[in-house]
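Here is a walk through one protein model. Keep the view open and follow each stop in turn.

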Amino acid sequence: MDDLIFYLALFLTIILLSRLLLSPPPKHPSTKPPPPPSPPSLPLIGHLHLFKKPLHRTLSALSLKYGPVLSLRFGTRPVLVVSSSSAAEECFTKNDIAFANRPRFLSAKILGYNYTVQGAAPYGDHWRNIRRFTTVGVFSTARVNSFSPIRSAEVRSIVKSFFSSRSIDGGFTKVELKSVFFDLAFNVVMEMISGKKFHGEGATGSHEEVEEFREIVEESFRFAGASNLGDFMPILNWVMGLEKRLLRLHKRRDAFFEKLIEEHRLKRKSGDVSEGVEKRETIIDVMLTLQESDAEYYTDTIIKGVIASLLTAGTDTTAVTTEWALSHLLNNPETLKKAKDEIDMVVGHDHMLEESSLPKLPYLHDIISETLRLCPAGPLLVPHESREECTVGGYYVPPETMLLVNAWAIHRDPSLWEEPTNFKPERFQGGAAEGYKMIPFGSGRRRCPGEGLAMRLLGLTLGTLIQCFEWKRIGEEEVDMMEGPGLTMPKDKPLEAMYRPWPSMIDVLSQL
């Protein structure tokens, strides 16, 4: 909303000319519950003038003043903001089907292949088909287990890189971690999808391809979510040239995906079904097999939509969460030591942490849970939209109302959490994540299906870095925990830290 003042000035004349044409909001029949409370609004722009970045903090402040179930208007679009655990539970249980749709944003239409990708598709047969495929074909326990060697190899690759770049005098070495974590997540997801590694040792993709898609992912997130003024005041799409920008991005992204699919078609024709070192079946292989049996439904567009969903949802979110987790540990050295002691006791020093040991590391899991509580990758859950009228918190919600659930506010609710702004992993030792107090992956039928995969990669990455290296902050000041703009709540300043190998792990690291 940085340019909001400019656009308010731009539309001042329109507002003045339109006042006589504006009609008051429709009154609800006395038989219906009242609408939720709402702050005063302006003609045409509604409540957009109230917003400052980051949006989740602005909405949290409004909810503290007007209540946990709040009615807003973003330009022409009615919005329901929910900031309490009980109201979120009502949305995702009693009203789960009522809120099963997604808003029809311009970005979802263009980048989401006309609303056919899983994250943007309206609730119905197509959405169920795609959801079934991703649940069984991508995120089932068997499929996630089959990709375990990829995750292990990628984590070991960054460990090897750190070890090779260590200070030769035994001192600490400085490293920037934001790009490291992005490359790790990108490689893991891309190898699952296509069998190609795009970064680091053994990379099969070109540097140009890596940089191109990094730009594509970052730009895609800038257009995603509920942050584009043009989705609420359509005339701004023309003023800002948003549609043209989206079409240019779509063209680049579509060509990238098409190239991946064609590479696999050629390999299948030559008898080489997969590209991975261990010849495991990739997601594209699975989709092309389905296409051979049902070409009318599993078109290239559907395949590209699945690729888009996995890459955009599985790269930046995991990288950002890992960066936040290590940031919190650097600011809480006693917690970092406790995690190291647990890993030493369970895993030891004669081999590196493996995924099979993660269930035996409850404190490490608590650290990840506490990170997701304080720094959810989606502070505002992916927007929903009502398919039919319903009630939430005793208030009437009409059809075609956009629902924003403020997970960030719920995770910091003092009525649910003791010392809610403090980083205390110990709070999860008694099952504090029960119910709707914690919803970092959403809830209901549109809950993120990749939670299991994300938790494994987070645990393996964070645990291995703790096991292999001693970490400390740069200087005496704490790591800056300010949030930057963006759908996935990135850190405002990319994390930099100092590391050196633990003496007890030198022999193991030397064999990588």
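Which strands does helix 19 lie across, and at about what angle to strand 8 does it run? Helix 19 lies across strand 8 and strand 9. Its angle to strand 8 is about 95°. Bear in mind that this model is predicted.

Now look at the sheet itself. Strands of a sheet pair through backbone hydrogen bonds, either parallel or antiparallel. Here, 3 strands form an open sheet in the order 3-9-8, and the pairing is antiparallel. Strand 3 (173-176) and strand 8 (469-472) are the edge strands, each pairing on one side only. From one strand to the next, the twist averages 40°.

Zoom in on one pair. Strand 3 joins strand 9 (residues 496-501) through 4 bridges, in the antiparallel sense. Find Glu176: its bridge partner in strand 9 is Glu496. Helix 8 (residues 148-164) lies across strand 3, strand 8 and strand 9. It runs at about 75° to strand 8.

Next, turn to the loops. Between helix 2 (12-18) and helix 3 (55-66) sits Pro54. The peptide bond leading from Lys53 to Pro54 is cis, with omega near 0°. Leu44 lies in the loop between helix 2 and helix 3. Its phi is positive, near 70°, though Leu44 is a residue other than glycine. Is Leu44 buried or partly exposed? Leu44 is partly exposed, because its relative accessible area is 27%, which falls between the 20% and 50% limits.

Finish at Glu419, in the loop between helix 18 (407-411) and helix 19 (451-468). Glu419 is not a glycine, yet its phi is positive, about 45°. Its relative accessibility is 40%, so Glu419 counts as partly exposed.

How values were computed. Residues are numbered from 1 along each chain as its sequence is written. This is a predicted model: local features need pLDDT of at least 70, side-chain atom pairs count only at pLDDT 80 or more; totals for chains, interfaces and linings use all residues. Side-chain values use heavy atoms; hydrogens and water are left out. Helices (H or I, at least four residues) and strands (E, at least two) are DSSP runs, numbered from the N terminus. Buried means under 20% relative accessible area, exposed over 50%, partly exposed in between (1.4 Å probe, protein chains only). Two strands pair if DSSP finds at least two bridges between them. Axes are lines fitted to C-alpha atoms, for helices over the stretch in contact, and angles run from 0 to 180 degrees between N-to-C directions. Contact means heavy atoms within 4.5 Å.
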